[in-house]
Amino acid sequence: MNLNRREFVEGSVAVAGMVIAGGAFAVSSAEGVTKMKKVDLAVLAKEDAFKLIGSEWMLVCAGNNDKFNMMTASWGGFGWLWNKPVVFTFIRPERYTHEFLEREARFTLSFFKDEWKDALKFCGSKSGRDFDKCKETGLKGVALESGAIGFEQSRLTLDCRKLFKAPMSEANFIDKDVLAKWYNANPGGLLHDVYIGEIETVYVA
Ligand SMILES: Cc1cc2nc3c(=O)[nH]c(=O)nc-3n(C[C@H](O)[C@H](O)[C@H](O)COP(=O)(O)O)c2cc1C
């Protein structure tokens, strides 16, 4: 785990989501209407991406309403590529969430108010292999229209379609100091995989 890291006009379509309890473990479903509403991509222009991702952190989640998993991430960004609005995120292959990202066509990035920081700390220090992260944190998964999973408590959710994935390779590090600093025994871990997803829907709550 890397704890020592550095550190767009709104629409109003209400979304009837399915609130689901439970994370990567057995999911019991309960019908519910979330406060999440679809908004225009332009809402992202009001966000400071450095603060949003680097300081507030986000949950990267993939899966479906039978089984999903999420983890905290503070490395990544959003912008334009291939004339599409995209996000990019960096996930080490050993993360349980990686399995879900590999399997699924979509993933979500969810952002929360400060009161959920402890939940994000939990999701960033424990694995869904060992814990039911929803049960432990009180976070409630919501099946979005696309079938991707967001969270009832999220203030901002980006529902993304996977466009590209590539593993990092040692040879491609121009600055070997970065390689040495982040891929050693401490903090340790495999080289990240880069995932780029098209932002297809933005929700706010
Ligand atoms: C603030 C913070 C940021 C993190 N950012 C990333 C990241 O960008 N990429 C990554 O692979 N792991 C990152 N992690 C580590 C994972 O969140 C952590 O290993 C998590 O327990 C993985 O859970 P999982 O096994 O259920 O997928 C971060 C952890 C914290 C606390």
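**Close-up 1. R161 faces E198 across a strand pair.** Let's start with R161, which stands opposite E198 in β13. This is a predicted model, where local features need pLDDT of at least 70, side-chain atom pairs count only at pLDDT 80 or more, and totals for chains, interfaces and linings use all residues. Residue numbers start from 1 along each chain, following the sequence as written. Strand β12 (residues 156–167) and β13 run antiparallel, joined by eleven bridges. Two strands pair if DSSP finds at least two bridges between them.

**Close-up 2. β13 meets β8 and β4.** E198 turns up again here, as the bridge partner of V86 in β13. β8 and β13 run antiparallel, and six bridges join them. Strand β4 (residues 37–39) is also antiparallel to strand β13 (residues 193–204), with three bridges. Look for K37, whose bridge partner in β13 is V204.

**Close-up 3. The β7–β8 hairpin.** Strand β7 (residues 76–81) pairs with β8 in the antiparallel sense over six bridges. What sits in the turn? Two residues lie between the strands of this hairpin, and W82 in the turn has a positive phi of about 55 degrees.

**Close-up 4. The buried face of α2.** T97, H98, F100 and L101 in α2 are buried (20 or more other C-beta atoms within 10 Å of the residue's own, with C-beta atoms placed from the backbone). Seen down the axis of α2, these buried residues fall within an arc of 160 degrees, so they line one face of the helix. The arc is taken from the directions from the helix axis to the C-beta atoms. Here's a handy rule: an α-helix has 3.6 residues a turn, so residues three or four places apart point the same way. The buried residues of α2 pack against β5 (58–63), β6, β8, β9 (106–111) and β13; contact means C-beta atoms, placed from the backbone, within 7 Å.

**Close-up 5. The shell around the ligand.** Of the 24 residues around the ligand, Y96, T97, G124, S127 and G128 come nearest (near means a C-beta atom, placed from the backbone, within 6 Å). β6 (68–73), β8 (84–91) and α2 (96–103) are the elements that give two or more residues to this shell. β6 gives the most, with four residues.

Methods. Buried ≥ 20, exposed ≤ 12 C-beta atoms within 10 Å, placed from the backbone. Contact = placed C-beta atoms within 7 Å.
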